[in-house]
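Good morning, colleagues. Please take a moment to look over the model before I describe its sheet, its core and one of its helices.

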Amino acid sequence: MTTHRNGTRGKVKHLLGAARDEAPLRLSDIDCSYTHGVHRHHALEELASSQERLLELQTRLFAEGTRSLLIVLQGMDTGGKDGTVNHVISHFNPGGFTITNFKVPTAEEARHGFLWRIRRALPKSGHVAIFNRSHYEDVLITRVKNLVPSDVIERRYAEINAFESELIEKGTTVVKICLHISFEEQRVRLLERLDDPAKRWKFSTHDLIERGHWDEYQVAYELAITRCSPKVPWYVVPANEKWFRDWAVTQIVSEALEEIDPQYPTPVLNVKALRAQLQPVG
């Protein structure tokens with residue numbers, strides 16, 4: 001990720017830690033606390049000023065009504081997916097975006113292919129959709145827990161690549177973000193949940209079970225990011241520092257919308273005649 005030391009917005013198109021088949025990713029090589037020279041106070045100032053711009057771009061996307069944006073958020077438990085939605089994406093107009101949290105498939109969902117429920121949640125034209133977890137769960141937890149044979153996982157990598165290519169061809173920009181925290185930071189955040197009565201409801205003993213598979217999940221993420229980057233590369237965002245996480249995701253989403261560059265439609269209107277009809281009577 002390329003940034004400026006004074007905190008001003010830089011191009012984040014250069015992927016942070018992303019990998020392709022010829023250069024496999026190693027998450028252990030990425031410092032989860034690294035902030036790339038961005039200073040906290042500048043990042044917070046920029047976050048505040050970026051919110052209005054995000055809303056403007058989303059409004060233009062909605063008004064144009066022909067293209068859409070899909071934001072995929074992945075990460076380990078306590079990685080900050082909910083926090084990212086609350087601090088960054090919640091500034092969108094709710095009339096033009098949806099958030100879907102993909103949990104364990106329901107009985108109906110399990111009767112279909114793994115992309116069936118994903119397709120049902122895709123953004124409509126003009127809309128933004130956020131996936132809090134996504135189709136990648138079907139090559140992550142399924143690999144770690146051996147829920148399906150390895151050859152099925154291999155086929156799914158190809159299916160995901162074909163699916164994302166299809167989305168691009170139909171006018172959907174896909175942004176994939178992996179929030180990368182350390183094993184120690186997860187321990188700290190789980191303890192915070194236990195110690196804070198207001199957060200205790202978030203704690204689940206299941207989190208500790210999943211934590212026991214940390215290394216296996218790291219490998220599964222490395223494989224998914226490496227194998228599923230041909231058309232839609234990943235952003236791996238160091239997420240130990242929450243302020244940097246929020247700043248980075250804001251810049252990524254902003255730049256995606258800037259590249260879409262949605263335009264307000266230009267309807268053919270007889271403005272003079274219409275204005276005349278709106279003049280005061282008498």
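I begin with a definition: contact means heavy atoms within 4.5 Å. The model is a predicted one, in which local features need pLDDT of at least 70 and side-chain atom pairs count only at pLDDT 80 or more, while totals for chains, interfaces and linings use all residues. Residues are numbered from 1 along each chain as its sequence is written, and side-chain values use heavy atoms, with hydrogens and water left out.

With residues up to four places away in sequence not counted, isoleucine 177 touches Ile71, Val72, Leu73, Gln74, Trp234, Tyr235, Val237, Val249 and Ile252.

Ile177 is also among the residues with the most contacts inside the largest nonpolar core, together with Leu69, Ile71, Tyr136 and Leu257. That core has 66 residues. By nonpolar core I mean a set of buried Ala, Val, Leu, Ile, Met, Phe, Trp, Tyr and Cys residues joined through side-chain atoms within 4.5 Å; buried means under 20% relative accessible area, with a 1.4 Å probe and protein chains only. Helix α10 (residues 242–260) supplies the largest share of this core, 10 residues. Helices are DSSP runs of H or I with at least four residues, and strands are runs of E with at least two, numbered from the N terminus.

Which order do the strands of the open sheet take? The five strands are arranged β2-β3-β1-β4-β5, with parallel pairing; two strands pair if DSSP finds at least two bridges between them. β2 (97–101) and β5 (234–238) stand at the edges with a single partner strand each, so one side of each is left without a neighbour in the sheet. Five bridges join β2 to β3 (residues 128–132), and phenylalanine 97 has valine 128 as its bridge partner in β3.

Finally, α6 (residues 150–169) is followed by glycine 171, whose phi is positive, near 100 degrees.

Technical notes. Buried means under 20% relative accessible area, exposed over 50%, partly exposed in between (1.4 Å probe, protein chains only).
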